[in-house]
Amino acid sequence: TQNNLTPKVMKESHPSFGFYLTKVKGLAPEYNQHSALDLKDIFSLTKAKLKASAQFNYMTDIPWLMKQYPAEYRSCPLLIVHGEQRGSKSALEKAASVFPNITLCNAKLEIMYGTHHTKMMLLLYDSGLRIVIHTANLIENDWFQKTQGIWISPLFPSLLGEQSAHRGNSATNFKGDLLEYLSFYNRPDIDEWCKHIKGHDLSNSSVFLIGSIPGRHLAERKTSFGHLKLRKVLNLHGPEKSLVTSSWPLIGQFSSIGSLGTDQNQWLCGEWLASLGTVKGCSLTSKTPLQLVFPTVNNVRESLEGYPAGTSLPYSINVAKKQPYLRNFLYQWKSDRLSRSHASPHIKTYLRVSPDNSSVAWFLLTSANLSKAAWGVLEKNGSQFMIRSYELGVLFMPQYLVSRKVFGVPEVKERKANMETISFPVPYDIPLIPYSNKDEIWIWDIPHIKAPDRHGNKWCPP
Ligand SMILES: O=C(O)c1cnc2c(S(=O)(=O)O)cccc2c1O
């Protein structure tokens, strides 16, 4: 019998720091009960009355989305922010036209190949505002058989009529950064939501916002977004370099990979790794060991979905063959602790781990895959920073969440003596498992016919 899996009304000091995964159908209850949510759970976390909501996403199935809202809220104003263009835009307009409460907002995409990847919900209640930043498309296929990440904010109280960009901010400047990110859409419907955000007290938000806005950013705006924003935050608020030395590996985990350049030292192990390897007071430690988690062909074949999981892992052969060096950094998807080794990853996470795999210096949940389009690339001798896509993520820093220097890693047997640390619920098993010499990286546009998946099918793309 399906016992009541909706979480108890969440204590604001939930030990997961507001970080959750999506439920996976068919798992034993304990793997779904506490730190896993589905969309209906998100709408039921509070008894407060929903007044309006905004959904920022890449793919939205409007009829399905409306069914996830409790019936009494299906007529509340809903703003859907998307990046559809041409045919798919008119399809979305057609689907939305059936629902008078839905307004569509088309994020401008003026740079080629840019997409609106950002996945965020703004939920305005009669007694507060909740923000959700996550990795799942608003389509059924993304919500019950994959590993997806969700950050749920506290229910931020109203400033009782006052609107302020500064009051109700936090030490992480979350409110300021969110307002800045939203201002770059330059859309009236989004500006309306900025007024709601200004009207609430976000001083309880203890995560940093790391967003990407398409553009060629100059001067101080270069560090407002993408990997240069992360570099700035780590430089100002990151771990001590005496503790987190360059021997601490950087783990990147994602569901797609872009063209990273023919030489790994150009972007990947150059400017990108220098940013993610930054610690307080210094950066440019590109000696950081790099570990990249991306599913093998076997990981996909053995997943709950079988080979079709690969339709959400769009790594193309034309890109892969230009960067064989990636092989040196690759690790498998494995999440036995959470019973999600077969829940194909659509989540994207980045973290810094100690060489002995006992501690985590910081953890980022984001929509950003491993690509220049998402993270940005310096151009014109570093004078401008070019980003193609909208992305959004939240950075969990131990000092701001548990006033400790590091998080622990869950299930670390030999806990160091008196290292009473608080674990961060990392969604995959650490230590990571490297690719075996027989493993191949998943590529979605070539055949995979050596062995059938659990549904008895092979993969023969069109
Ligand atoms: O969640 C997203 O934001 C996202 C973006 N793009 C995807 C693509 S593709 O546009 O890159 O071809 C192909 C398959 C799945 C995708 C996806 O899940």
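I began with the lining of the largest cavity, to which strand 10 (208-212) and helix 11 (372-375) each supply at least two residues. I note here that the model is predicted.

**Entry 1: the largest cavity**

I asked which element gives the most to this lining. Strand 10 does, with three residues. The space in the largest cavity is about 40 Å³. I also looked up how many cavities of 30 Å³ or more the structure holds, and the number is three.

**Entry 2: the largest pocket**

Next I turned to the largest pocket, which holds about 820 Å³ of space. Its lining is made of 31 residues, and those nearest the centre are Y58, T115, H117, S256 and P314. Which helix gives the most to the lining of the largest pocket? I found that helix 11 does, with three residues. I sorted the pocket lining by class and got 12 nonpolar, 14 polar and five charged residues.

**Entry 3: helix 7 and helix 8**

I looked up how helix 7 (residues 226-237) packs with helix 8 (residues 267-276), and found an angle of about 40 degrees with the axes 7 Å apart. That angle makes helix 7 oblique to helix 8. From helix 7, the residues that meet helix 8 are H227, L228, L230, R231 and L234. On the side of helix 8 they meet W267, E271, W272, A274, S275 and L276. I count the classes of this contact as seven nonpolar, two polar and two charged.

I then checked whether helix 8 is mostly covered or open. Helix 8 is mostly covered, with 10 of its 10 residues buried. Among the buried residues of helix 8 are W267, L268, C269 and G270. E271 and S275 of helix 8 are also buried, and both take part in the contact with helix 7.

**Entry 4: helix 5 and helix 6**

For the second pair I took helix 5 (residues 174-183) and helix 6 (residues 188-198), whose axes come within 10 Å and cross at roughly 170 degrees. Angles over 145 degrees count as roughly antiparallel, and helix 5 and helix 6 are therefore roughly antiparallel to each other. Helix 5 makes the contact with K175, L178, L179 and L182, and helix 6 with I190, C194, I197 and K198. The residues of this contact divide into six nonpolar, no polar and two charged.

**Entry 5: V402**

I located V402 in the loop between helix 12 (398-401) and strand 21 (407-408). Is V402 buried or exposed? Buried means under 20% relative accessible area, and V402 is buried because its value is 10%. Leaving aside neighbours within four places in sequence, I found V402 in contact with F17, F407 and I422. I also looked up V402 and A361, which are 41 residues apart in sequence and 12 Å apart in space, C-alpha to C-alpha.

**Entry 6: N437**

Exposed means over 50% relative accessible area, so N437, with 74%, is exposed. Between the C-alpha atoms of N437 and N299 I noted a separation of 14 Å, and these two residues are 138 residues apart along the chain.

Key
Residues numbered from 1 in each chain as written. Predicted model: local features only at pLDDT ≥ 70, side-chain atom pairs only at ≥ 80, totals over all residues. Heavy atoms only, no water. Axes fitted to C-alpha atoms, helices over the stretch in contact; angles between N-to-C directions. Helix = DSSP H or I, 4+ residues; strand = E, 2+ residues; numbered from the N terminus. Parallel < 35°, antiparallel > 145°, perpendicular 65-115°, else oblique. Contact = heavy atoms within 4.5 Å. Nonpolar A, V, L, I, M, F, W, Y, C, P; charged D, E, K, R; others polar. Buried < 20%, exposed > 50% of the residue type's maximum accessible area, 1.4 Å probe, protein only. 1 Å grid on protein atoms, 1.4 Å probe; cavity = no way out; pocket = protein on both sides within 12 Å on 5 of 7 lines; lining within 4 Å. Points joined across faces, edges and corners; volume = space filled by probe spheres on them.
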